[in-house]
Amino acid sequence: MALAGRYAELLATEGVIRGLIGPRETPRLWERHLINCGVMSQIIPSGASVVDVGSGAGLPGIVLAVARPDLVITLVEPLARRTAFLDEVVELLDLDNVTVIRGRAEEVAGRIEADIVTARAVAALDKLAGWCLPLAKVGGRLLALKGASAAEEVAEHGAALSALGGGEVTVRLCGEGLIDPPATVVDVVKERQVAPVRGSRVGDGRGSRSRDGRVSGDRGGRVSGDRDERGGRGGDPRGDGRRKARRR
């Protein structure tokens with residue numbers, strides 16, 4: 001809880017200053033964001049490797065790292081401002097189970113293979129699966145935090161999920177009895193390996209608005225507007241280069 005409190009403070013201060021969290025979200029960081037992400041941990045097996053795609057401010061990746069130190073977590077995020085923030089959070093909270101990679105999901109496909117791939121408010125389910133399933137092991141799972149329309153998305157994109165190598169799909173409610181409403185997670189088992197989808201990008205700034213009002217397409221769990229920073233500053237804000245090698 002002490003680490004979670006420090007992370008919440010970082011979100012409410014530096015996260016707001018850098019445009020990763022909207023000022024109106026700070027009063028409800030715990031119930032809407034931190035706890036909403038944390039309850040996902042109940043469906044992740046012990047010792048699993050996790051890749052968080054479009055990690056943004058670290059939701060859910062940092063939350064899972066704090067709640068479950070047994071997990072080995074990789075945060076994949078394309079924009080420099082966000083990876084700089086993530087690096088600082090990892091350093092300040094001393095999260096030795098987290099690696100930050102600056103890049104897009106399709107760029108790291110073939111280099112990373114995890115038991116679990118997570119994403120929050122990134123894109124429609126068919127596009128999301130195209131980015132995320134290539135990063136999962138066969139038999140691994142995509143856990144996508146979604147809104148109330150999750151079941152409709154599953155029905156609409158079932159054929160696309162199958163074509164992308166997906167097998168069994170389950171809509172799970174996490175945190176029932178703890179939070180209201182519980183977190184809705186679409187759980188997709190990767191049944192077989194297929195060629196990664198090319199041409200679509202996580203974090204290219206061309207988001208779309210979902211039915212619950214959040215902007216998707218490059219969000220990765222962020223909750224405020226943010227300009228694409230292609231060509232902006234990159235690298236390590238501390239100047240010591242300790243995490244540059246991890247971004248390749």
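## Helix α1 against helix α2

Helix α1 passes α2 in a right-handed crossing. A crossing counts as right-handed if the near helix is turned clockwise from the far one by less than a right angle, and left-handed if anticlockwise. Helices here are DSSP runs (H or I, at least four residues), strands likewise (E, at least two), numbered from the N terminus. This is a predicted model: local features need pLDDT of at least 70, side-chain atom pairs count only at pLDDT 80 or more, and totals for chains, interfaces and linings use all residues. Residues are numbered from 1 along each chain as its sequence is written, and side-chain values use heavy atoms, with hydrogens and water left out.

The axes of α1 and α2 come within 12 Å and cross at roughly 120°. That angle makes α1 oblique to α2. Axes are lines fitted to C-alpha atoms, for helices over the stretch in contact, and angles run from 0 to 180 degrees between N-to-C directions. Under 35 degrees is roughly parallel, over 145 roughly antiparallel, 65 to 115 roughly perpendicular, and the rest oblique.

From α1, the residues A4, G5, Y7, A8, L11 and A12 meet L29, W30 and L34 of α2 (contact: heavy atoms within 4.5 Å). Eight residues of this contact are nonpolar, one is polar and none is charged. Ala, Val, Leu, Ile, Met, Phe, Trp, Tyr, Cys and Pro count as nonpolar, Asp, Glu, Lys and Arg as charged, and the others, Gly among them, as polar.

## What covers α2

Helix α2 spans residues 29–38. Its buried residues are L29, H33, L34, N36, C37 and G38. Buried means under 20% relative accessible area, exposed over 50%, partly exposed in between (1.4 Å probe, protein chains only). Their cover includes the helices α1 (2–17) and α3 (61–67). It also includes the strands β4 (114–120), β5 (136–146) and β7 (183–190).

## Cysteines

The whole structure holds zero disulfides (cysteine sulfur pairs within 2.5 Å). C132 is buried, at 0% relative accessible area. C174 is buried too, at 1%.

## Backbone in the loops

Two cis peptide bonds sit in loops. L59 to P60 is cis, with omega near 10°. P60 is in the loop between β1 (49–53) and α3. D180 to P181 is cis, with omega near 0°. P181 lies between β6 (166–174) and β7.

D94 has a positive phi, near 55°, and is not glycine. Its loop joins α4 (80–93) and β3 (98–102). D94 is exposed, at 63% relative accessibility. D94 and V66 are 28 residues apart in sequence and 9.9 Å apart in space, C-alpha to C-alpha.
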